Structure formats: C-alpha cells, structure tokens
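Here are my notes for your first look at this entry. Keep the viewer open and follow along point by point.

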Amino acid sequence: MSDEKAVSIPQQSGGTQAKDAGADGEILLKVTGLQKHFPIRKGLLQRQTGAVRAVDGIDFEVRKGETLGVVGESGCGKSTMGRLITRLLEPTAGTVEFEGRDITHLSTGALRPMRRDVQMIFQDPYSSLNPRHTIGTIVSAPFRLQGVTPEGGVKKEVQRLLSVVGLNPEHYNRYPHEFSGGQRQRIGIARALALNPKLVVADEPVSALDVSIQAQVVNLLDDLQEELGLTYVIIAHDLSVVRHVSDRIAVMYLGKIVELADRNALYKAPMHPYTKALLSAVPIPDPKRRKVKSERILLKGDVPSPISPPSGCRFHTRCWKATQICRTTEPPLLELRPGQRVACHHPENSEDQAPQDTELLTEARQAAAELGKSSDTSSDK
Amino acid sequence: MTAPIETTGAEAGAQPEAVLAGVKKSQIEGRSLTQIAWMRFKRDKVAMAGGVVVVLLVLMAVLSKPIQWVFGLDPNKFNQDLIDPALLAPKGGWGGMSWEHPLGVDPQYGRDMLARIIDGSWVSLLVAGGATMLSVLIGTVMGLLAGYYGGWVDSIISRMMDTFLAFPLLLFAISISASVQDGFFGLDGLPLRICVLIFVIGFFSWPYIGRIVRAQTMSLREREFIEAARSMGARGPYVVFRELLPNLVAPIIVYSTLIIPTNILFEASLSFLGVGIAPPQASWGGMLSNAVDLYTADPQYMFVPGLAIFITVLAFNLLGDGLRDALDPRSK
C-alpha cells in the first residue's frame, strides 16, 4: 500500500467525516490471497472430484470512509467475495482482516461481536425480507440478535431508522408484501444500518430494481455514507452505478481481480483489456456522442468454466492481445501507475510488460481482426 | 399479492417526531398474510361450509357427555323390547326409527343409535386429532432438521422416512394393537386403546408431513432472509424457529387438516378389524364392523355410522382444500 494511493479522496462523499477518514487511509478491511473453492462431490462415497474456484486468490483493502466498487461478469465470483468478507462463507485459503483482526476462521460465536460492525445489503428485496415478519420485527432483528437495546427503546429506534431511509415510520406494523421493490430495498438498508456498522457490503443492491428506482436507492446510499461516515463495498455489474458511487473500483474476472484502480483513472484510462471491453459495453444515452465514440469491443464466447480455469492469464482465451506468455505465465497484480494496479502482460495505456513477446495467439489474431473490422464498419457510417 | 391497504391519517412526509406522537392514534394497519388468507377463506363458500361442519363435529365430540346427559341419552342402555328376537333386528322399519330413537336402535341389543354416534364421535376425533398432532410434531421436527442441516443429517432422516413408508402399516398396526395388553404404561381399558391407536397411527404417518416440511425448508433455506439473519449473528435454533417455522405454518396446517380424515378412516378400519376400540365403547368403525354380519337383517345399522364417517371426512377435506387455496394461492 503506497502513500500515493492513499491520497485519493472520495469524490462524491462531501461529508467531512468521510473525507477525513478517506484521507487518513486507515485500512478497515484487508484481504490477502482470499480463496473459495466449492468442492464437487460425486458418487456414493461423495469423493471430491473437482472444485469450482469461485474466488481464487484475491488481494485488496478497503479504507475507512471509501466506497469500493466490485464489477465483473456474472459468475466471476463477486457475490462469493462479498459473502467471504462478511463471513457468511468460510474461506478456503487466505485471510480476511477487519480492523487489524484476523476474522478468517472465527466461529459463529466469536464472530458475533464483529457482526455488529459489518452488515450486508442483499440483492433481491423480495427474498431478503421474511414474508411472515412485520417491518418492525425485521428492522429490530439486529437489536434482538445482538442483545442491544437502543436509547429510547427498540420501537422508537426502528421508526427513526425507517424515516432515515425515507419510509413512513408508521409502517412499522406492515408486512413486506405491502411494499414495492424499492421500498423493500430501503427496509433492507434500514436493517443493515440498525447497529451502526462500520462496513456495509452491498451485493448488487439495485440490480433487482426498476431503473427509475435504482437512482433513488443509489442516492440514498450516497447520502447515508455522507451522514454516517460509512464504508461501502458495493458489488454490481452495472458499470454506470459503480461509477456513480465508487471511489475505487475492482474489476474481477473468473475469481481474480484483474484491475484495481481509482474511479477516474479506471474510466479514463483502463489498462486491462478486459476492463476496456467492459467499459466499451456501457451504453451511451446520447445519440450524438454515440456516433463519435463507437469502439464497442465484443468479447467472444462465455466466461470459461471456473472448474478448470485457463492457464496463465485467465483472460487469454478471449483477449485480442494475448500472446504466448499469456498462456503460460499468470500476470501478477502490479501497480503500473500510482493508484492503479493491473494484472496484465500487455496492458493498454501503459508500457508493455512483456515487450519481447509479440506473436499473437491464433484466437487473439481472429479477435483483433474482427475488432478492426467492426470499428471500420462503424466509422464508415 | 395486492391487498387493499387502508391508509388514513398522517402523511408520509411528516417529521418523525410529529409522526411518532401520532402513532397510537393512527389508523394505518398492516394486513398480515394470515388476515389476507382469512379474507380469502371467507369468500370460499364450500370451504366455509366444511369449516362449519368441522366446528360442529368438534363441539359434538367435546361436549358428547354433557349432550347425552342433557337429552337423557344412554349409549349403553339395552332395549331388548325393541328387538325382534327371531331376526335379532329392531322391530319396525328403518332400523327401528321412532321419535324416541331418531336414528333407530342397534340390532341384538337395542341401544340408541343417536347416542352411540355421539358417543363414538369423541373417540374418533380424539384418536384422529391426537395421531395427527403426533405425526405433525415428529414430522415437522424431523423435516426441519433434515432440510436445514442437510448433509448426513438429511441422509439419515430421509432413509428413516423411507423405512417407515416401506412398512406394511396396516399389518404392523394390527399386530401392535393386538399384542398390547392391559397394564401397559399403567393404563388399561379404553384409555390404553386410545393411546395405542394414537401412537400407532401417529408414529407411522409422520414421514408424509416430514417430507413436505423437508422440501419446503430446503427451498426456504436458500432465501436471502436466512442469510440476512446469519449475517446479523443468528444461530441455528433462531433461524429454524424464528425465521423458517413461521413460513411453514401454512403448509403444516393445510396438511394436518388433510390427514385428519385419513386418520379417522384408519381408526375406523382398525376398529372394524377388531383391534381398535373395544366394546362396549361405541365407535364408528366398530359399529360398521358389527353391521357387516347383520346387514341383510338391518341395513340401516351400516348406513348410520357410515354416513357419520362420510360427513366428517368430507367436511375435513373441504376445509383442508379451502385452507390450501386461501393460504397458498399459487398452488392452484
């Protein structure tokens, strides 16, 4: 962790508390070499025949007051990563440190005090609220489970939380089915905030919502960060959402972080080809600008199976710059520019890490040719 | 699910303090899923009819002794004067129906049929209800354990269910009931027979509900609210009893009302086979059993208890179907 990196001040969080904390660069969560392999068992004796390498060795840290966005295609291990750092899943290897304390293999009982500081917002507001419980019961569950009695009583505190997230406090007695998706997500946020956590992990907090509601919820998260000095890890596949909320962004591909950078650096000058491809896929809502910039990169094929990931760089099967070294050697996650770490042999917008290796792989040559063709045709128009 | 919500009172944008002050007076009332189910159930006339009959039957069973006392009915009083000694059948048509004996009298002894039906009702419902409760209790616990913990717990419990389902239940029930002698558990006579029946029927029918609860638990376990509870530090028992069980109440209630009639029939079959309730206690199955020998002389004797069983089973089934529709509208 270099000093230059810590300079990045959260851009959208105007609250002094959050800003100061971000500038301090105090590390709240530190993840090293984190792995989660789900065993595949077969046969009568349940012998392990393989493993789904959902998360396969990732390192990052989250500083106080900042928002780390995690993006990637479906099945790249984003959600598994979120469940590992909240310890809903037991990591296979690596360590998770929260406030300097190793929580990787703590038991349920020993984790309990930590649960107060790390909360989660879930993806599907229709399944994250128990349909048989009232909103009051749902939002007050953290108090009951942690044995905390807030000042002024549980009911009053729940009603305060409901008004904080923009719901009518009188809805205390209602049931989840009486609310819309956006309102339900607010209830989920109120529950996550109940114990005044330090870190909130949001697993695709808006992807199940209408686009019009997404903005409301995203802005609510922003405002809450400002008011309460929260630290977020926001997992999403919507790049515009991530861009809006994040200070730093981690791009994941097949269980690995391929690029980890400050938001502006990442969007301005993505280094990893995968990041570039992802960014090029963001739709541009302005038809005038669309004509100017039309270098959409279409990646061919699906994400390879995490059961047997490709050798070397995991992206080499779909990359248009892949060379021999990409197939044989796994690129390390290196800081090629202050505040921008990339795992690539031939990064964009930076000097080549393996300049001696110029021979493109066959698939890459095809991909590159098609890329050239498609950009030609689009520029013709 | 779109239930109308009555919203009157404070507006949404009010200040929290102001709103808090008005909380007690507010008219906003959330409708729980139970209330919505009840509204839906009330609209279902057939199910309501079944429900009313079930309530009447339960009342009749619970109050059977007071009813007999009030109306001066005695299920065990012999009226030999009403029996034709040659045929052993009641004198007169329709099983000896008269104002004094509205459902007639039984052959051989001339006991009042109405009194015997009423007196038999509590036995039938007690055995069926007790057996259902026992099987629901065992089935729910086993199903929850198997579904929530999975792995080897699930394997053991599931194999146990398979074993129980593979038992030739009727033969087993007959042999157990026949081999239990007076003095077991310090009980004898009627209480012993009732306990044995409840145990046999309940203990061997739990896998049916166990499987349903297991399947439901397995699907609920993957929902995010379970993860949410765990992320707040909830332990297994909390998750099972506070988060899962409330969601299982509906299927359990529905299934219970649907196996009560099966258990009534099962008790009747055991009594019919002579291993259930022993005479002189009146029981519907026992009456049917006696009637088989005498049906040529007195067909009415078979008809009355048969009708009682039929009405009871039908009422419970209609109630159960209605409850299922009301509690889980998607299952249609």
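1. Two strands pair if DSSP finds at least two bridges between them. Strands (E, at least two residues) and helices (H or I, at least four) are DSSP runs, numbered from the N terminus. With that, look at chain A: eight strands form an open sheet with mixed pairing, in the order β6-β7-β8-β3-β9-β10-β12-β11.

2. This is a predicted model: local features need pLDDT of at least 70, side-chain atom pairs count only at pLDDT 80 or more, and totals for chains, interfaces and linings use all residues. Residues are numbered from 1 along each chain as its sequence is written, with chains lettered from A and ligands numbered from 1 in the order in which they are written.

3. Why do β6 (118-121) and β11 (334-337) of chain A each have one side without a neighbour in the sheet? They stand at the edges, so each has a single partner strand.

4. Inside the sheet, β3 (residues 67-71) of chain A pairs with β9(A) in the parallel sense, over four bridges. Gly69(A) has Ile249(A) in β9(A) as its bridge partner.

5. Chain A has domain 1 (3-40 + 50-268) and domain 2 (273-380); the bounds come from an automatic or database domain assignment. In contact (C-beta atoms, placed from the backbone, within 7 Å) are 29 residues of domain 1 and 20 residues of domain 2 of chain A. On the domain 1 side, β10(A) gives the most, with seven residues.

6. Chain B has 12 helices and zero strands.

Technical notes. Two residues are in contact if their C-beta atoms, placed from the backbone, lie within 7 Å.
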